[in-house]
Amino acid sequence: MKPAEHCPCGSNRAYSACCGRLHSGAENAVNAEALMRSRYCAYALGARTLSAVHLAQLNPPG
Ligand SMILES: [Zn+2]
């Protein structure tokens, strides 16, 4: 998807300004809501756009 498209998590913000920052590894989730959104967004986008490393960061053990 294009970075300027609305984020699939439903925040009504551009993907690049929302979960895209978390998925790219440029920023960590600041709270539980951000983490939940980023996980949902990653699921919605599918693994095709995300590396295994980034998925691991979004799904820490425990
Ligand atoms: Zn989002």
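How many helices and how many strands does the secondary structure of the protein chain come to? After that, take α2: which of its residues are buried?

Reply: The secondary structure of the protein chain comes to three helices and zero strands, in the order α-α-α along the sequence. Helices (H or I, at least four residues) and strands (E, at least two) are DSSP runs, numbered from the N terminus. This is a predicted model, in which local features need pLDDT of at least 70 and side-chain atom pairs count only at pLDDT 80 or more, while totals for chains, interfaces and linings use all residues. Residues are numbered from 1 along each chain as its sequence is written.

Now to α2. It covers residues 32-45 and has 14 residues. From its first C-alpha to its last, α2 reaches 20 Å, close to the 20 Å expected at 1.5 Å a residue; the expected span is 1.5 Å times one less than the number of residues.

The buried residues in α2 are R37, S38, C41 and A42. A residue is buried if 20 or more other C-beta atoms lie within 10 Å of its own, exposed if 12 or fewer, and partly exposed in between, with C-beta atoms placed from the backbone. These four cover an arc of only 135° around the axis, so they sit on the same side of α2. The arc is that of the directions from the helix axis to the C-beta atoms. An α-helix has 3.6 residues a turn, so residues three or four places apart point the same way. The face of α2 turned away from its buried side carries the exposed residues A32, E33 and M36. After α2 comes G46, with a positive phi near 90°.

C41 and A42 belong to the largest nonpolar core, along with C7, C9, Y15, C18, C19 and L22. Such a core is a set of buried Ala, Val, Leu, Ile, Met, Phe, Trp, Tyr and Cys residues joined through C-beta atoms within 7 Å. The elements that give two or more residues to this core are α1 and α2.

L22 lies in α1 (residues 19-23) and is buried because 22 other C-beta atoms lie within 10 Å. L22 and R39 are 17 residues apart in sequence and 9.6 Å apart in space, C-alpha to C-alpha.
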